[in-house]
Every structure is written in C-alpha cells, then in structure tokens.
Amino acid sequence: MHLLIDLDGMVVDRRVTKARSKSIERGKLKTINGIIVHQTGGATAQSSIDSYKKPSANGAHFLIDIDGRIYQTASIYQQTWHVGKLKSRCIWEKRCTPIELKQLQHFRPSGENKREMAKDFPNRFPSNQDSIGIEIVGEATSPAGGKVNEQNQVYRTVNKDQNTSLQWLVSELSALLEIQTSEIFRHPDVSRKNPTEASTAKW
C-alpha cells in the first residue's frame with residue numbers, strides 16, 4: 001500500500017510525524033516534477049522545526065532526524081523555498097548549445113537562474129515551483145584554522161537510520177506522485193551549494 005495523503009496534503013502514516021509550519025509554505029504547488037535532497041547544517045531536528053516558525057524562514061516539506069524519525073513540515077500541496085538559484089541542466093547532461101555555453105562563460109548565478117526558469121521542465125532542473133524538498137539533519141563543520149565559509153565546510157555523514165528512512169520516503173513519494181528516479185537530486189547538483197551537502201545520502 002502506498003502513502004495516504006489527507007486533504008491538507010499531509011501524509012497519513014505512523015512513520016511520519018506531523019510538524020507543519022505554515023510559515024515556510026509559499027503558495028500552491030500545482031505540479032510536482034522532482035525531489036531535492038538536502039542536509040540542514042544544524043545538530044537537531046528540533047532546531048530546524050523551531051527555525052521554521054520564523055516568518056522569513058525557508059524550509060522543506062520533510063525532515064529526517066538523526067534517529068531516522070521523519071517529520072512532515074509542509075503540505076505537499078504547497079511550495080517551499082528549498083532550492084535556490086538553479087544551475088544550467090544542460091551542463092549536467094552535456095548538451096548545451098553554443099549560445100548557452102557562451103552565456104555560461106561569465107559567472108552570473110542570477111542570470112543563469114533566470115534563463116533556466118524560463119525553460120519548460122525537463123529542460124531545467126526541478127525548482128521551488130515544482131519539487132518536494134527533503135531535509136536530513138546533519139551539521140556542517142569547518143576545518144580547523146583558516147577562514148570559515150559555507151564552501152569549505154563538510155557535512156556530517158548521513159547515517160544508516162537516516163538513509164533507511166530516506167529510501168522509504170523517496171520510494172513512497174515517487175510512486176504516489178509518479179516522479180521519475182532521474183528527477184531526484186542532491187541540492188548541490190541543482191543549485192550552487194556546498195558539494196558535500198547530502199553527498200552520502202542514498203535512495
């Protein structure tokens with residue numbers, strides 16, 4: 001039996017705890033084309049849940065704790081701002097046109113995102129407007145000494161309990177929402193994020 005979803009877009013299953021934060025919901029999610037897997041950068045699920053209560057907070061639809069417990073933090077019928085600026089999918093798929101390659105010679109993430117969002121899916125990656133986000137609790141730590149910044153931090157390894165829950169959740173959501181395996185990505189694949197984020201996630 002696949003997941004059951006109630007009228008509010010919340011999962012009805014003993015393995016999923018409701019922890020909805022309407023403050024991270026940003027409008028109707030009319031189409032779902034993909035799933036993006038993230039890591040929080042924080043130490044606990046509760047720290048993320050608490051942060052989601054702030055009016056300006058960003059978050060994802062699901063959150064997997066250190067012990068594998070799954071929380072649903074937003075309705076699957078609502079957008080959340082979990083992706084950020086998109087990278088060019090043509091680079092990933094090695095199919096850029098000469099014009100696209102010329103445009104990409106200059107590092108302009110905002111312009112790149114604007115061009116990508118003008119494309120129809122699947123010519124671009126899934127975005128905030130058409131994807132489900134799954135966060136996995138995992139701190140990001142900086143190397144000893146040297147300047148601390150987002151890019152030189154290393155995310156904690158996703159543990160066995162978390163990966164088991166991720167595999168179940170991705171499988172169920174994919175079946176329910178008819179999402180192709182090829183449309184499930186780690187956050188750094190689709191946006192300019194730390195390359196170690198979710199690098200050890202397995203689904």
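A salt bridge is a side-chain nitrogen of Lys or Arg within 4 Å of a carboxyl oxygen of Asp or Glu. Glu93 and Arg89 make one of these, with 2.8 Å from N to O, and the structure holds 11 salt bridges. You're looking at a predicted model, where local features need pLDDT of at least 70 and side-chain atom pairs count only at pLDDT 80 or more, while totals for chains, interfaces and linings use all residues. Residues are numbered from 1 along each chain as its sequence is written, and side-chain values use heavy atoms, with hydrogens and water left out.

**Salt bridges**

- Arg89 counts as buried, at 3% relative accessibility (buried is under 20% relative accessible area, exposed is over 50%, and partly exposed is in between, with a 1.4 Å probe and protein chains only).
- Arg95 is partly exposed, at 33% relative accessibility.
- Another salt bridge joins the side chains of Lys119 and Glu100, at 2.7 Å from N to O.
- Lys119 sits in the loop between α4 and β9 and Glu100 in helix α3 (residues 98-103), so this pair ties together parts that are 19 residues apart in sequence (helices, H or I with at least four residues, and strands, E with at least two, are DSSP runs numbered from the N terminus).
- Glu100 is buried, with a relative accessible area of 15%.
- Through shared partners, salt bridges join Arg89, Glu93, Arg95 and Glu183 into one network.

**Aromatic rings**

- There are three aromatic pairs in the structure (rings of Phe, Tyr and Trp, the last by its six-membered ring, pair if their centres lie within 6.5 Å; planes under 30 degrees apart are stacked, over 60 edge-to-face, and the rest tilted).
- Trp92 and Phe125 have ring centres 6.0 Å apart and planes at 80°, so they count as edge-to-face.
- Trp92 belongs to helix α2 (residues 89-92) and Phe125 to the loop between α4 (109-117) and β9 (131-141), so the pair ties together parts 33 residues apart in sequence.
- Trp92 is partly exposed, with a relative accessible area of 42%, whereas Phe125 is buried at 0%.
- Phe125 pairs with Phe185 too, again edge-to-face, at 5.0 Å centre to centre and 80° between the planes.
- That pair links distant parts of the chain, 60 residues apart, with Phe185 in strand β11 (residues 184-186).
- Put together, Trp92, Phe125 and Phe185 form one aromatic cluster.
- Elsewhere, Arg26 lies over the face of Trp81, at 4.4 Å from the ring centre (the rule is NZ of Lys or CZ of Arg within 6 Å of the ring centre and within 35 degrees of the ring normal).

**The largest pocket**

- The largest pocket has a volume of about 330 Å³ (on a 1 Å grid over the protein atoms alone, a pocket is an open set of points where a 1.4 Å probe fits, with protein on both sides within 12 Å along at least five of seven lines; the volume is the space filled by probe spheres set on the points).
- It is lined by 22 residues, and His38, Asn58, His82, Glu135 and His187 lie nearest its centre (lining residues have an atom within 4 Å of a point).
- β5 (34-41) and α1 (45-51) each supply at least two lining residues, and β5 gives the most, with four.
- The lining divides into five nonpolar, 13 polar and four charged residues (Ala, Val, Leu, Ile, Met, Phe, Trp, Tyr, Cys and Pro are nonpolar, Asp, Glu, Lys and Arg charged, and the others, Gly among them, polar).
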